[in-house]
Every structure is written in structure tokens, then in C-alpha cells.
Amino acid sequence: MSTHQHSSLTDIITHTGEDRSSYYNAIAPPIIQSSNFVFDTIDDMRKAFADELDYHIYTRGNNPTVEILRKKIAALEKTEDALITGSGAAAIATAMLANVQAGDHVICVQKPYTWTYKLISQLLDKFKVTYEFVDGRDIENIKKAYNKNTSVLYLESPNSLTFELQDLEACGKWAKENGVITMIDNSHCSPFFQNPADYGIDIILHSATKYINGHSDVVAGVICASQKMISKIFEESYMVLGTIISPHDASLLLRGLRTFTLRVEKSNETAQRLAEFLSNHPKIEKVIYPFHSNFEQYELARKQMRGAGGLITIKLNAADKSGVFRFINNVKYFLKAVSWGGYESLMMPSIVFHDIPGRPDSPIHWTYVRLYCGLEDYEILQLDLQKALDAI
Ligand SMILES: *Cc1c(COP(=O)(O)O)cnc(C)c1O
């Protein structure tokens, strides 16, 4: 990244949204743990109700601690405004529900995040919104799925397991020409490595549980968009569903954000090095990492992303399932857990979703394991994997 980008991120993280003179010049943003706010006069009260998104009336709408976070996140994603929700799933559902009605059609990329899939195929389906999941690696598939009722194009680039990409510039342009609203789950890249607003994507969503908070101690989400779109979402779904985050959790996110650039850079650097190491190991059949030169969409990744982040998926060269179990049980530093984005390195083996009585096997083969590179020393992580690979 250029120094220019760095300095503007630093500026956002230190200053944007903060108004220290209004809270005793405290350096750290205060936790305003209050459900409601008092007005001095009837005029003030009337003025506030005309603009509930910008005034402090009630914490389900706009809380001062949450508002500081909103402003920083919007600036990081280069959008006019943002809303913070109690989870990434809430951000996705809240943004979607404000933009569809019965009779509409949604185009979504194949294999989106599990609960996005359920939102579209089950919840929206109940309200007569139709949908189609398409392979978004080729924009022709998106164009083919389009019909006159298509209102939303939902993207996830890269997805967080096998990292398929969509050409954001082409999608943004096509959608604008066809009056389709574009939404993207940008959790994988975080605003550090990709700003979909640069390509005309309308709504940018994150699971802030991952890189934005970065400490595996809060579940949260964000919605970034133009002022007009944020007002629409605020009125039509956010206030109705009550998907706000608590002031206390917002303050943990603000604290997590202070080290955002350091954390994401370190996680990325370790992953980039580990991907190289793993791709040369005989016990590994394949490494999937968007910035590895063997990646199927490498050129596109280089074009629209500034880094590929801390997730790597490997396909083990194991003859049977017991080899995979030996590998998993021999790894010590990559903790066996879902999620990612915190300090600790994690692993998520596909074999977890195989041979479960009464359930179909995961479409991802049992030799696949997703690794998240946390902030431990590279040498420790590399040695840990090397030992476990030897055990296969
Ligand atoms: C975790 C995750 C989500 C869901 O976010 P929650 O904060 O768990 O609700 C959505 N998309 C992606 C890509 C994720 O990794």
C-alpha cells in the first residue's frame, strides 16, 4: 500500500467521528450506555424527530458511541454513511430486506456465506421474492440470470472458503445500466484490501466480527452506502428489526479498530508467506490463495484487491480420512474453531461436515482445510504445520 493510503487510514482511525471536547477531552471514545436522551426544549425535540438518524433520541436508532464507529467505518469504505448491526448476518438481512419486495428477483453468487444462502433461499422465498444462484466468475452468467424483475445483485468477492471472485468493475457498471442494486459481502478483504465503492457497488457489508473488531470477542456487522441508501435502510428495516449493536460492543470495536492496519497487514503477510511454503510441500495437493500465482483468477485478484488477507485453503494429500484426522490433531497453534479475523490462528476442516448421520456430506471434499493466519510469529506457525503434515 502507498504511504498516502496509509496516512488517510490512520487519520480516519484516530480522528474521524471523534469530538473529544464534548467528552472531557478523553482520548478513548466514551461508552454512552444510555437507552434514551433528554431534550431541553420542545423545539429541540421536534427538530430531532425530523431526523432520527442524525440526532440522539433513542439507542435503537442512533447512539453516540455507535455513531463514532459509523463515521469511521463509512470513511474506511469510502461511502457517505454506515449502520452498525449486532452481527454480520443482521447487516446482510437488514440491507436486503430494505431493497426487495414481493415479485422481485435476486441474483446471488454461488456458495455465499451459509446464512446469506438461507436468507435468500428460505426467508425471502416466504415473501415471494424469487432468486437464482449463479457462478459469478463469469459476468455472462449474471447477465443471463437477469430479468425485468431483478432488483438486487448480491456479490461476495472473494468468498471465504474457496475464494471465487467477481469482476467488481464489470458488475458495478452492468448493474447501473440495468437499474439493479448491488450488494457485496466484503468481509474477506476488509476495507484494507478492497473498496467496492471504487467500482460503483452500492452497498458494502461486513461481518465486523472478523477483521474490523479483530479480537474474537464481539459479534457485529456493518452496512456502508450512500446517505440516501442508508436513510432508506434505516427507515425500512433497521429500526423495524432492531438490529443495533450495544454501545459497549461498539466501544470494543472502536478499540479493535485502533490496531486495524497493523493486524490486517500482519495476518496478510503471514498468509502470503505460508501459502508459498505450503504450495511446495509434498503432502499438500493444492493451495488456494488469491495472491498465489497458481490461483485461477490471479490477474483479477491483483487488479481489484490490494492484498489477499489471512485465509488460505489447502487440499491435503491424504490417502484416507485417518490421515486428515492425524494432521488436524497434530496442529497446535491453529485452533480448531469457526470464524477468523482475531489474534489466534484457526483452522476449519471440511471433514467436520462429512459422515454426519442423517445429513448430506459437504460439497467440499474432506481433504480440504481452511487456515486462518493470526498474529503469532510466522516461524511458529510454519513449524506447527510442517510437523502436522509429517504426521499424515
Ligand atoms: C462470519 C461471516 C458472516 C456472518 O457474520 P456474523 O458476524 O457471524 O453474523 C458473513 N459473511 C462472511 C464472509 C463471514 O465470514
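**Figure 1. Overview of the predicted model.** Helices (runs of H or I, at least four residues) and strands (runs of E, at least two) are taken from DSSP and numbered from the N terminus. This is a predicted model, in which local features need pLDDT of at least 70 and side-chain atom pairs count only at pLDDT 80 or more, while totals for chains, interfaces and linings use all residues. Residues are numbered from 1 along each chain as its sequence is written, and side-chain values use heavy atoms, with hydrogens and water left out. The protein contains 14 helices and twelve strands, and its C-alpha trace extends over about 75 × 50 × 45 Å along the principal axes. The radius of gyration (taken over C-alpha atoms) is 22 Å, which agrees with the value near 21 Å that a compact globule of 392 residues would have by the rule of 2.2 Å times the number of residues to the power 0.38.

**Figure 2. The loop that holds F39.** F39 is found in the loop that links α1 (3-14) to α2 (42-49). When neighbours within four places in sequence are set aside, F39 is in contact (heavy atoms within 4.5 Å) with D44, M45, A48, H56 and I57. L155 lies 116 residues from F39 along the chain, and the C-alpha atoms of these two residues are 43 Å apart.

**Figure 3. The seven-stranded sheet.** Seven strands make up an open sheet of mixed pairing, in the order β1-β7-β6-β5-β4-β2-β3, where two strands count as paired if DSSP finds at least two bridges between them.

Figure 4. Polar contacts are pairs of N or O atoms within 3.5 Å. A polar side-chain atom of S207 is 2.8 Å from a ligand oxygen atom, while for T209 the corresponding distance to an oxygen atom of the ligand is 2.6 Å, and for a polar side-chain atom of K210 it is 2.6 Å. Taken alone, the ligand exposes 380 Å², of which the protein buries 91%, as computed by the Shrake-Rupley method with a 1.4 Å probe.

Figure 5. Most residues other than glycine have a negative phi, and most peptide bonds are trans. S157 and P158 are joined by a cis peptide bond with an omega of about -10°, and P158 belongs to the loop between β4 and α7 (168-177). In the loop between β6 and β7 lies S216, whose phi is positive, near 50°. S339 likewise has a positive phi, near 70°, and is located in the loop between β10 (335-336) and β11 (346-349).

**Figure 6. The five-stranded sheet.** Five strands form an open sheet of mixed pairing in the order β8-β9-β12-β11-β10, with β8 (284-288) and β10 as the edge strands, each pairing on one side only. Strands β9 (residues 311-316) and β12 (residues 368-372) pair in the antiparallel sense over five bridges, and T313 has R370 in β12 as its bridge partner. Helix α11 (residues 260-279) lies across β8, β9 and β12 and runs at about 20° to β9.

Technical notes. Polar contact = N/O pair within 3.5 Å; in protein donor to acceptor, adjacent residues only side chain to side chain. Axes fitted to C-alpha atoms, helices over the stretch in contact; angles between N-to-C directions.
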